[in-house]
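Try each task before you read its solution.

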There are 2 protein chains.
Amino acid sequence: MRASQYLIATLKETPADAEIVSHQLMLRAGMIRRLAGGLYTWLPLGLRVLRKVERIVREEMDRSGAQEVLMPAIQPAELWQESGRWEEYGDELLRLKDRHERDFCYGPTHEEVITDIARNELKSYRDLPANFYQIQTKFRDERRPRFGVMRSREFLMKDAYSFHASPESLNETYQLMVETYSAIFRRLGLDFRAVEADSGAIGGSKSQEFHVLASSGEDAIAFSSDSDYAANTELAEALAPEGERPTATETMQEVATPDQNTIDQVAGFLNTTPDRVLKTLLVHAPKDEDSSHQPLVALVLRGDHTLNDLKAERRADVAEPLTMASDEEIRKALGVDAGSIGPVGLKVPMIVDHAAAHLADFVCGANRTGYHLTGVNWERDVALGETADLREVEEGDPSPDGHGVLGIQRGIEVGHVFKLGRKYSEAMNATVLDENGKSVPMDMGCYGIGVSRLVAAAIEQNHDDSGITWPTAIAPFEIAIVTLNGHKSEKVAQTAEKLYDQLRQTGYDVLLDDRKERPGVKFADLELIGIPHRVVISDRGLEAGTLEYKGRTDADKQDVATDDIIRFLAARVIAD
Amino acid sequence: MRASQYLIATLKETPADAEIVSHQLMLRAGMIRRLAGGLYTWLPLGLRVLRKVERIVREEMDRSGAQEVLMPAIQPAELWQESGRWEEYGDELLRLKDRHERDFCYGPTHEEVITDIARNELKSYRDLPANFYQIQTKFRDERRPRFGVMRSREFLMKDAYSFHASPESLNETYQLMVETYSAIFRRLGLDFRAVEADSGAIGGSKSQEFHVLASSGEDAIAFSSDSDYAANTELAEALAPEGERPTATETMQEVATPDQNTIDQVAGFLNTTPDRVLKTLLVHAPKDEDSSHQPLVALVLRGDHTLNDLKAERRADVAEPLTMASDEEIRKALGVDAGSIGPVGLKVPMIVDHAAAHLADFVCGANRTGYHLTGVNWERDVALGETADLREVEEGDPSPDGHGVLGIQRGIEVGHVFKLGRKYSEAMNATVLDENGKSVPMDMGCYGIGVSRLVAAAIEQNHDDSGITWPTAIAPFEIAIVTLNGHKSEKVAQTAEKLYDQLRQTGYDVLLDDRKERPGVKFADLELIGIPHRVVISDRGLEAGTLEYKGRTDADKQDVATDDIIRFLAARVIAD
């Protein structure tokens, strides 16, 4: 491509409304433009990247044996009523009416449509397994679209849906998709992790997320220093401390702690540290339908630990959604202020986190407003009862798989694989005949990749102060040729044209920057856009028989003999 | 692809609701499935064809220098209000509201969005010309969607928009697009014509349509036997007959023609032919705003000719839209029934078609109910006044360009190129600075191809009683390998696998039909699907050292030596 005939729409200023670096750089590099909230046009340069991502996703999905289809964006309400999601799905579902006032939606996902197809086209266990995918435009009417294409309303997604005659077959395809996704993200040149995840609203029994690691990521991921273990911190197990609880050495005493309401305040006042103070949180327990009484349950953690809401919610003796008891409810139930509750003499059931259960000689509330107990010990001073994993994992915790310790990094979710089981096939009566001629609902899996979001995630992971530092596999162009004074020096122009032709014929994506701009402008644009390899052609160089080369992230430029440039570039690009 | 692991969803019966052959065959071949009215899922086999069409369109657009972008499907109402089309565009515009009750539409076309981008990104005549295209999903809420993907509501379109600093530059790009479209349709292997067309609702000054010729086409196209001339019959000029009008030989007489109301009846009753009888049609003339009186004007044609509404409407002395006078209006104005009107003594202005003006000794209404005149001659019996081209062209008419005679064929519109001029750039203030630093609106062109419709059009042109006969360039697979008893004969299976691998490595799209089906079922499926080349591998053939080959439209199959099959197929596929 010749830059003089191409829309290079770079911006010097960072647009004020772009909060994260990928959004800023995509606007500045002229990759996208905002049409309306959460709606973006992909300009030529951005679309080149999007198409490269799309192509890699398609090739790997094809290689896995999945079959590409294309379903309509607009879907009839009837199917969503059949699955029950027409009512369940919130305001993110863009509902609309056609000219005949019939209800439709702009599909945010396609479980219903593909299940409808499967129940019509797949008749026998012999037709299974089958895995259908599409790369298609979706719409989610986000309340607050932001971060550019990272969280836009209209977006490009690869969604796949597999159908099976047994859970074992689903397991196999699920595992194949995990491997396929890993292959895709590796080919894209991204640092990523597959993490255990919560299935969330789509339902189903097991799921994993694929995260591109980047400090701006919305999700925290815990991963092992020594193994493949990785999980969303929401789901990562905090192992119980090993070994015996330390022996009691102190005597329990009640001390006045006036106006000391937080763990830090109490610890400071008593000259100890938060990890030796218990935190006792009162939350709602499940309520009898007939009763107006709201029962409470106490969750006891070490003062320096954080409650993991999801872990608490999953317990049968905790109400869902997790609801903290109000100060009034606490006073009514216990006759004491929230800041002075503790296990000793507590009048509600109690669940103790493993780490809290491992303490000796600890501090806790005295169940008397303005007082705490010191030198408390389990079993000696208070029965321990049930212990459980209630807390968020932290850096340095042992990895739940027994190998190494946990680190925590932030990640951007770019892929998700689910075992759906029979949720949709049962609701929509999608059955096949099994080996005995009996009609059985199909087992289903679903597998998504945010194709447009991947472009932004790649930038979050690959940028510096000058702009984007693309992995070569998805760079808009692999090589840039820059002419200095090309419109004046015939020799420069001719050399550039010849190199341009040679490189293109070899199969490289080349941008010939033949614009009548100052060198500084060209260099700044090319670094902003992030082209991995740059060759500069100047009269001075040609006189010396050299061209100037610089890799995008190289500290220094270097001279390369004109005759050697093709070989030199080949070695560089292949090494990427 | 192995058929055993691929969704071959052929149907034996023709679905009852499919009216045209492409719709029937796309359903029967398992290319598409209906989700709702005008909404279709592309199954794997159909999508392969769609993607091949898409790829050819993209390659040729790129070759022309157009730059690919991707605009959102959902567009804000504000832009359409700016262009004036929010109100103008009818019910085909799918209007919707987002969760914040803001107005949007699902774009049926993208003039507004691209003009908004152009006015922001293009600043100077130096940035022009620029031609942006996308291949993107659109929605038109057709009142009566039908014919499958031929006239669906959601469809895949290639739309391009060019921007210029002068009408001359627009002319150049317009012409380049005409050539690009021709290259695309040639590569697709289709018999097509570029025809002069009416610009219709999009507006603008000049346009051409590209039609795939097929007897089921909705449009009639007139084309020259000897030149490139082609035009929608609506627009084709009917030349005035050459030479002098024949001399009068008869005397004018009034004859009673009781109950003879049609041209055919009158001609039969008077023992002549319709081409010697005048047809006088009364239509509304433009009305004074202040007056309640509806003036009429007479259009006089030869009895065997058909009025061309568009030609009549374009005249200043005819009201638009064209409205035939009612029987009551005619009786009120002329005191005579509609079937007995004629030029002689007519009390309203008259326009005579060139062919009617060339008659001598003709028959026409006597302006007296139940009577006609015979032996009438222009100027002798009645002043001729103004003559004009008012009729539809017919087979055998001289071509308007002076070369050859017209034939008429039916066509399916698959592409359209427009000169938009400044309609949108003026309405939306899309200007650039010209060479003198003056701000001027850009000239625009727009260029569409119905990508999904092309698949259906290709089938309308390429099918026989057994199914589809794809041009090889867009066949879902180029070659099918069929095993007979492949699950029993190891030799058959091994030979098939080897050939399959060899052909795929050579770069062919191959379907290996390894299904456990009877040969007849496989052959019928492959003919229905329309794979151009078929190789059958059987034990009997292998014993004789041969494979059986049949081209999809060949009358006979033939044996080819096993060792020679690769060379043989190469020659065949290249010849396509």
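How many salt bridges does the rule find across the interface of chain B and chain A? Before you start, note that this is a predicted model, in which local features need pLDDT of at least 70, side-chain atom pairs count only at pLDDT 80 or more, and totals for chains, interfaces and linings use all residues. Residues are numbered from 1 along each chain as its sequence is written, chains are lettered from A and ligands numbered from 1 in the order in which they are written, and side-chain values use heavy atoms, leaving out hydrogens and water.

**Exercise 1: The interface**

Task: count the salt bridges, then describe the contact around them.

Solution. 
- Step 1. A salt bridge is a side-chain nitrogen of Lys or Arg within 4 Å of a carboxyl oxygen of Asp or Glu. By that rule, eight are found across the interface of chain B and chain A.
- Step 2. Look at the side chains of Asp98(B) and Arg153(A), which form a salt bridge with 2.9 Å from N to O.
- Step 3. Contact means heavy atoms within 4.5 Å. Chain B brings 52 residues to it, and chain A brings 52 residues.
- Step 4. Buried area is the accessible area (1.4 Å probe) that two parts lose on being put together, summed over both. Here the two chains bury about 4,200 Å², with 61% of it on carbon and sulfur atoms. Leu35(B), Leu70(B) and Arg99(B) supply 17% of the area that chain B buries against chain A, more than any other three residues.

**Exercise 2: The symmetry**

Task: find how chain B is placed on chain A.

Solution. 
- Step 1. Superpose the copies by least squares on the C-alpha atoms of residues with pLDDT of at least 70 in both. A rotation of 179 degrees, with 0.0 Å of shift along its axis, brings chain B onto chain A with an RMSD of 0.3 Å.
- Step 2. The two copies are thus related as by a two-fold rotation axis. In chain B, Leu96(B) has the C-alpha nearest the axis, 3.0 Å from it.
- Step 3. Of the interface residues of chain B, 100% are also interface residues in chain A, so the copies meet through the same surface.

**Exercise 3: A three-stranded sheet**

Task: trace the open sheet that contains strand E13 of chain B.

Solution. 
- Step 1. Strands (E, at least two residues) and helices (H or I, at least four) are DSSP runs, numbered from the N terminus. Two strands pair if DSSP finds at least two bridges between them.
- Step 2. The order is E13-E18-E17 in chain B, with antiparallel pairing. Strand E13 (253-256) and strand E17 (362-365) of chain B are the edge strands, each pairing on one side only.
- Step 3. Four bridges join E13(B) to strand E18 (residues 371-376) of chain B. Gln253(B) stands opposite Thr374(B) in E18(B).
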